[in-house]
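Please follow this explanation with the sequence and the model side by side. The paragraphs below move from backbone geometry to surface charge.

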Amino acid sequence: MRRLKTFPKGGVHPPGNKHLTSGKAIINAAIPSISRIPLQQHIGSPAECLINPGENVKEGMLIGRSTGFISAQIHSSIPGVVKEVRDIYLANGFKSKGVVIEMEGEFDTLGKRQEKNNWEKLSAEELLNIIADRGIVGMGGATFPTHVKYKIPKHAKVEAFVVNGTECEPYLTADHRLMLEKTEEIMEGARIVDKILNPEKIYIAIEANKLDAIEVMQKAVSLLNKHAEVVPLEIKYPQGDEKQLLKAIINREVPSGGLPIDIGAVVSNVGTIFAIYEAVVMGKPLIERIVTVTGGAIKNPQNLKVRIGTPIGDLIEECGGFSEMPVKVVAGGPMMGFAIYELEAPVTKGTSGVIALTKKEVKSNNQTPCLNCGRCITVCPMGLNPTLLFKEIDHMDYDSAMEEGLMDCKECGCCAFMCPAHIPLVHGMKLGKYMAKKKKEKG
Amino acid sequence: MPLLKILYSFISVTSIGGVLGLGLAIASKLLQVKRDEKLMSLEETLPGLNCGACGYAGCSQYAEAIVKENEELTLCGPGGQDTASELADLMGVKIEISIEKKVTQVHCRGGQATSEYLYSYRGVMDCNAMYLLFEGDKVCKYGCLGLGSCIKVCPTDAIDYDEEGLVWVDRDKCISCGKCIDVCPTGVMKWVPYSADYIVACNSRDKASVVKKYCSVGCTGCKRCEKKSPEGGFVVEDYLATIDYKAKGERENAADDCPSKCIIPAVKTATKVST
């Protein structure tokens, strides 16, 4: 038997817990009566607010214009009246200007049959403009604006385009369900991207814990007229990170500080591909996403199709509320997500899951001194020395940490997951990056 | 025979050592780097703490800047007035010294007993790390986060937790290097003159109705201090009272009458114990 492909260095095997929702079809969540839409839901500069309190907005109307090169458009997810424009806290702990919209009036698109646009005649340039206009960002969690990613520099050539259906984060099944239910749409989305990037080969990467998805995609892969292939991958976290994925599939390493395009590859999440399909074929801006609401403390875990800006608490209500008091509610995946303190926090373009964890699942413990056991070094997929970096950051020696490769850390959480002393290593890395940036800004 | 072997090795090692030593002695005379006498004496005058308060990497860099770039002589925080006048003597210039030593102080007395918190924090014990998560665990976004990053950076151990568990600066140990001000994420650490008698121990610029909800020792901007001690230099701006220390009037009345008791003596006396 052929061995499944994987990345060679590091990685961990957290309990998957995907059975909670993997068999449940995506259902539409209730439309929120009040939607809080942050103007910064992507990496880069925040969008510029285009509306004032008191104004009426329509469903899918542009409310934030992208500013600068790396930025994305923001659209209203519900029709209604703008109540206020104020600072709101995002799930990741940062503050962003946000628009609070109270639902009112009619839905223009909801429940109505939509005409399919014929995109085959459009040029790559026009397709890119549509993607930029509809505010598409990477839906895997990093929320990098897709139109920027697909703008290939002149000297580069795309050899491989990877559709990322790995979903290596435990608990999450949003991408899994999407692949099962929207197979043809994803394939058509992949064809759109194929036209924009014109890659030599298309890979569809799926972790081996989603055998049904692999089967379905393998059957549908003939819809792509290019040389395309479904690649099953070994179950290992962080298999879905683009750097690890490319190492596993095309056996090339993204250089430090570089992007996948430097080695002739582009990676996009299946969620992103589906959003591209909806944007180009259905003419719909990115105002909805699939969110897995799960965890031991949720009564009835589900995969929901949610409007951007819905309070996380509403989703939990929709799933029957808490079966027991959770010790932690996490927005995103359990490995890279962010614990939130209030259920008011809105769903953003990057929220792939809402996980309410019980005390048994969290396994939190008090921090003890570092044992120098080196387990964090063994599991770091980037080949860094997390314990050394943490000690340097703890002693406020941010320059040394930068030299040791702090910027290569992508906060996947393997080190903190493995640490027997319960040291918050990833938090330390985040602090180090923040302080280094602050120092640089100061000059 | 072993004796002879020892003798040989002894002689060879001694002679090699002698030759190399002589070489070094000659080299030290021939290749000596002449240092500026003035620079040396300036360096000796400076405190040698390398705290960086002057804006240079260390004392010797500051001394070099004085000699080569005619840098101002009054930049040394720890040395203060005395060092400045000594530097002036060495450089042969006269300067008007009117700098008063300034020290830092935490302008917040909100703790577990008096303030509202958003969440229980488990993470890196560093204020900036906590600041990354919703700008700290307090409802108040202006106050002291209390994880002691300033304590960590203080070169003279002037900052520590007091008997109430709140961060406090010992003004006599403070050397005015300003490192704590740089590291503090909320800006609650602020300069006050060494001679200050009272401080307004609050940094919140929220409205009174908001402040009252989350902190019982927060300044509400009620302006009573302005009225009670009109000569005391109290200025209320953005719902926060500050003291203009150029005004030399009394401030005791205002402190006594402050409804949230956030105007407190700048020096802790032994009698002031937690309530």
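In chain A, Pro238(A) lies in the loop that runs between strand 11 (228-233) and helix 6 (242-249). The model is a predicted one, and in it the peptide bond leading from Tyr237(A) into Pro238(A) is cis, its omega being near -5 degrees.

Tyr171(A) is not a glycine, yet its phi is positive, at about 70 degrees. Is Tyr171(A) buried or exposed? Tyr171(A) counts as buried because its relative accessibility is 5%, and the cut-off for a buried residue is under 20%.

Met396(A) is likewise a residue other than glycine with a positive phi, here about 60 degrees. Met396(A) is located between two helices of chain A, in the loop from helix 11 (386-394) to helix 12 (398-403).

Attention now turns to chain B and its surface charge. Which residues form a negative surface patch? The patch consists of Glu231(B), Glu250(B), Glu252(B) and Asp256(B). One of these patch members, Glu231(B), sits in the chain B loop between helix 9 (224-228) and strand 6 (234-237). With a relative accessibility of 59%, Glu231(B) is classed as exposed, since that class requires a value over 50%. Glu231(B) is thus an exposed residue within a negative patch.

Notes:
Residues numbered from 1 in each chain as written. Chains lettered and ligands numbered in written order. Predicted model: local features only at pLDDT ≥ 70, side-chain atom pairs only at ≥ 80, totals over all residues. Heavy atoms only, no water. Patch = residues over 30% accessible without salt bridge, like charges linked within 9 Å, V, L, I, M, F, W, Y side chains within 5 Å. Areas by Shrake-Rupley, 256 points an atom, 1.4 Å probe, with all protein chains shown as cover. Salt bridge = Lys/Arg side-chain N within 4 Å of Asp/Glu carboxyl O. Lys, Arg positive; Asp, Glu negative; His and termini not counted. Charge placed at Lys NZ, Arg CZ, Asp CG, Glu CD. Helix = DSSP H or I, 4+ residues; strand = E, 2+ residues; numbered from the N terminus. Buried < 20%, exposed > 50% of the residue type's maximum accessible area, 1.4 Å probe, protein only.
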